[in-house]
Amino acid sequence: MALNLAMFGPPGAGKGTQARRLATERGIPQVSTGDILREAVQGGTELGRQVKAIMDAGELVGYDVMLGIVRERLSKADASGGFILDGFPRTVAQATALDDILEGRQGLVVLEIAVGDETLVNRLSRRRVCGNCGAIVGDTNGEAQLLCPTCGGELSQRSDDREDVVRGRLEVYHRETAPLVEFYQGRASFRTVDGDQTPEVVAQAVQAALSAVNGAAA
Ligand code: AMP
């Protein structure tokens, strides 16, 4: 059965790690809006120029731009058999629009990955990303120069993972994204997973949540 999944959670909750893992397991694309935007910034495209300052400040990119990106990405052939949205929707307006985009497709499953603020600030200050394979390395103790344990590529800190920016991103999350819990609460296909555990244990909890949703739908 096709899995159409949206994951949301505060910055550093582990959405990317879990989405990537699940996408590989299921053979469906991980659609990370943050990654799409970062690629545009790195590639120096018109979109990248538009969004760079907003992203560096930890603010949200505008509704129309985001909708255009997601609509186009989900219409591609590889997403027809399922997808994992990572980082979208991030506002109630985006969630409403997503329902419209998906009309006529298999029902949407939504997972919230919940983690407390102080854990996140601590996690993000130590998080590094591989410039070569994109792996997220979480246990670096904040050292500046390290190599990726997966491919040997150089690790670096995302410009929006500095503590002051992280605190701002958390504020944006509580104001703009946390209301999604209320928006989705009444749906049988909505589940919350405790993200304050090791990635392996969170992955098991994600699988359990997906089975529970399937069971409820059967
Ligand atoms: P992420 O990698 O998901 O933490 O996203 C990094 C940054 O990209 C965010 O801080 C926003 O500036 C932007 N972004 C990603 N997804 C969205 C979205 N759904 N709506 C608005 N801005 C987004």
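User: Leaving aside neighbours within four places in sequence, which residues is Gln-106 in contact with?
Analyst: This is a predicted model, in which local features need pLDDT of at least 70 and side-chain atom pairs count only at pLDDT 80 or more, while totals for chains, interfaces and linings use all residues. Residues are numbered from 1 along each chain as its sequence is written, and side-chain values use heavy atoms, with hydrogens and water left out. Gln-106 is placed in the loop between α5 (92-101) and β4 (108-114); helices (H or I, at least four residues) and strands (E, at least two) are DSSP runs numbered from the N terminus. Contact means heavy atoms within 4.5 Å, and with neighbours up to four places away set aside, Gln-106 has contacts with Met-1, Ala-2 and Asn-4.

User: Is Gln-106 exposed, partly exposed or buried?
Analyst: A residue is buried under 20% relative accessible area, exposed over 50% and partly exposed in between (1.4 Å probe, protein chains only). Gln-106 has 36% relative accessibility, so it counts as partly exposed.

User: How far apart in space are the C-alpha atoms of Gln-106 and Gln-207?
Analyst: In sequence, Gln-106 and Gln-207 are 101 residues apart. In space, from C-alpha to C-alpha, the distance is 19 Å.

User: Which residues does Gly-138 touch, not counting those up to four places away in sequence?
Analyst: Gly-138 sits in the loop between β6 (136-137) and β7 (155-156). Its relative accessible area is 40%, so Gly-138 is partly exposed. Outside the four places on either side in sequence, Gly-138 touches Arg-126 and Arg-127.

User: Which side chain makes a polar contact with the side chain of Asp-160?
Analyst: Asp-160 is in the loop between β7 and α7 and is buried, with a relative accessible area of 9%. A polar contact is a pair of N or O atoms within 3.5 Å; within protein, one must be able to donate a hydrogen and the other to accept it, and residues adjacent in sequence count only if both atoms are side-chain atoms. Leaving aside neighbours within four places in sequence, Asp-160 is in contact with Met-55, Val-165, Val-166 and Arg-169. The polar contact of its side chain, at 3.0 Å, is with the side chain of Arg-158.

User: Which residues come nearest to the ligand?
Analyst: A residue is near a molecule if one of its heavy atoms lies within 4 Å of it. There are 15 residues around the ligand, and helix α2 (residues 33-42) gives the most to this shell, with 4 residues. Those that come nearest are Thr-33, Arg-38, Glu-59, Gly-87 and Gln-94.

User: How many residues of the shell around the ligand are charged?
Analyst: Ala, Val, Leu, Ile, Met, Phe, Trp, Tyr, Cys and Pro count as nonpolar, Asp, Glu, Lys and Arg as charged, and the others, Gly among them, as polar. In the shell, 6 residues are nonpolar and 4 are polar, and the number of charged ones is 5.

User: Why do the buried residues of α6 line one face of the helix?
Analyst: In helix α6 (residues 117-126), Leu-120, Val-121 and Leu-124 are buried. The arc is that of the directions from the helix axis to the C-beta atoms. Seen down the axis, the buried residues of α6 line one face because they fall within an arc of 100°.

User: What do the buried residues of α6 pack against?
Analyst: The buried residues of α6 include Val-121. They pack against α7 (163-177).

User: Which residues is Ile-69 in contact with, leaving aside its neighbours within four places in sequence?
Analyst: Ile-69 belongs to helix α4 (residues 63-74) and, at 12% relative accessibility, counts as buried. Beyond its sequence neighbours within four places, Ile-69 is in contact with Ile-36, Leu-37 and Leu-47.
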